[in-house]
Amino acid sequence: MADIQTVGGCKKCGSDAVTCKYNYFEQGDLEIHSWEHKCIDCGHRLTTAYRSDDEDIDFAAEQVNQCPYCQRIGTK
Ligand SMILES: [Zn+2]
Ligand SMILES: [Zn+2]
């Protein structure tokens with residue numbers, strides 16, 4: 001189940017029709033937390049995904065369940 005909320009404040013066009021989507025996926029040792037902000041009016045999109053097998057990040061130290069754009073906490 002994706003957790004989607006309307007957050008508004010598009011950086012590109014100023015629209016309030018921006019959705020914030022949190023997706024959580026787990027399989028065995030792999031965890032993926034993905035965040036997407038998308039403006040319905042202009043299509044501007046921002047995405048970030050945290051993977052537990054990504055060696056470039058310190059997964060345990062990242063706030064993976066917190067949106068990097070609007071700082072809300074996602075619910076699984
Ligand atoms: Zn926009
Ligand atoms: Zn957000």
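**The sheet and its surroundings**

Mentor: In this predicted model, the protein chain has zero helices and four strands. Read from the N terminus, its elements follow the pattern β-β-β-β. The four strands make up an open sheet with the order β1-β2-β3-β4, and the pairing is antiparallel. At the edges stand β1, residues 3-6, and β4, residues 45-51, each of which pairs on one side only. From one strand to the next, the twist averages 10 degrees.

Let us cross the sheet pair by pair. β1 is joined to β2, residues 18-27, in the antiparallel sense by four bridges. Within this pairing, Ile4 has Lys21 of β2 as its bridge partner.

The next pairing is that of β2 with β3, where ten bridges join the antiparallel strands. β2 and β3 form a hairpin, with two residues between the strands. Gly28 lies in the turn of this hairpin and has a positive phi of about 60 degrees.

β3, which spans residues 30-39, is in turn joined to β4 by seven bridges, and these two strands also run antiparallel. An example is His37, whose bridge partner in β4 is Leu46.

What does Pro68 touch, leaving aside residues up to four places away in sequence? Pro68 belongs to the segment after β4, and the residues it touches on that basis are Trp35 and Thr48. Trp35 and Pro68 are 33 residues apart in sequence, while their C-alpha atoms are 7.8 Å apart in space.

Of the 76 residues in the protein chain, 13% are buried. Among contacts with a separation of 6 or more, 35% are between residues 24 or more positions apart.

Note on methods:
Residues are numbered from 1 along each chain as its sequence is written. Chains are lettered from A and ligands numbered from 1 in the order in which they are written. This is a predicted model: local features need pLDDT of at least 70, side-chain atom pairs count only at pLDDT 80 or more; totals for chains, interfaces and linings use all residues. Two strands pair if DSSP finds at least two bridges between them. Axes are lines fitted to C-alpha atoms, for helices over the stretch in contact, and angles run from 0 to 180 degrees between N-to-C directions. A residue is buried if 20 or more other C-beta atoms lie within 10 Å of its own, exposed if 12 or fewer, and partly exposed in between; C-beta atoms are placed from the backbone. Two residues are in contact if their C-beta atoms, placed from the backbone, lie within 7 Å.
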